[in-house]
Amino acid sequence: MASATRGPALTTAAVLFGILAVSNLLKPFQLGGEQTGFVFLGERLSGTANTILGPLFGLYLAVYAAGIWRLRPWALPVGCAYAAYVLVNLLLFNVRMPPPPDAGAGWKIFGLTYATVALGVSLGTCWLLAVRRGDLR
């Protein structure tokens, strides 16, 4: 009996979510300065909240990456829940942390690019898992 392979798209997604997991696990150390705090429901965290939620989301994403890598059926609902969180987080971030009044076009281009990639990867992976539902084992 032949087993299904992930293919390049799901393999890439698993690796990207693994990297994102490591990034979130490192949030408490704020290696890039104060702007590297975990963003939860549109608010950049610091202190104890950052120390707890950053690694928790890192673990969540590590489990998700492993589920994609191993083509587990539970990866689909985990991924869809994460994609919904990304959408809500982006919307709330724009409400709670609007760009400064003097922000130029570069700020808007960055924000639009970031949102496109974040939603594209999270929703796209969810869609790929749904399309490959029969291969999940």
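The model is predicted: local features need pLDDT of at least 70, side-chain atom pairs count only at pLDDT 80 or more, and totals for chains, interfaces and linings use all residues. Residues are numbered from 1 along each chain as its sequence is written, and side-chain values use heavy atoms, with hydrogens and water left out. The protein chain has four helices and two strands.

**Fold**

- Along the sequence, the elements of the protein chain run α-β-β-α-α-α.
- Helices (H or I, at least four residues) and strands (E, at least two) are DSSP runs, numbered from the N terminus.
- The C-alpha trace spans about 60 × 30 × 20 Å along its principal axes.
- The protein chain holds 137 residues, of which 30% count as buried.
- Buried means under 20% relative accessible area, exposed over 50%, and partly exposed in between (1.4 Å probe, protein chains only).
- Take contacts in the protein chain between residues at least 6 apart in sequence: 73% of them join residues at least 24 apart. A contact means heavy atoms within 4.5 Å.

**Largest pocket**

- α1 (7–25), α2 (47–69), α3 (75–96) and α4 (105–131) each supply at least two lining residues.
- α4 gives the most to this lining, with 11 residues.
- By class, the lining of the largest pocket divides into 25 nonpolar, nine polar and three charged residues.
- Ala, Val, Leu, Ile, Met, Phe, Trp, Tyr, Cys and Pro count as nonpolar, Asp, Glu, Lys and Arg as charged, and the others, Gly among them, as polar.

**Nonpolar core**

- The largest nonpolar core has 24 residues, and F17, Y64, I68 and L129 have the most contacts inside it.
- α1, α2, α3 and α4 each supply at least two residues of this core, and α3 gives the most, with seven residues.
- Such a core is a set of buried Ala, Val, Leu, Ile, Met, Phe, Trp, Tyr and Cys residues joined through side-chain atoms within 4.5 Å.
- Leaving out residues up to four places away in sequence, I68 touches R6, L10, A14, F17, A75, T125 and L129.

**Disulfide**

- One disulfide is counted, with a cut-off of 2.5 Å between a pair of cysteine sulfur atoms.
- C80 is joined to C126, S to S 2.0 Å.
- C80 lies in helix α3 and C126 in helix α4, so the pair ties together parts that are 46 residues apart in sequence.
- The torsion about the S-S bond of C80 and C126 is about 50°, so this disulfide is right-handed.
- C80 is partly exposed at 33% relative accessibility, whereas C126 is buried at 10%.

**Loop residues**

- K27 sits in the loop between α1 and β1 (39–40).
- K27 counts as buried, at 17% relative accessibility.
- Not counting residues up to four places away in sequence, K27 touches T36, G37, F38, N50 and G54.
- L41, in the loop between β1 and β2 (43–44), has a positive phi near 50° and is partly exposed at 32%.
- L71, in the loop between α2 and α3, has a positive phi near 55° and is buried at 1%.
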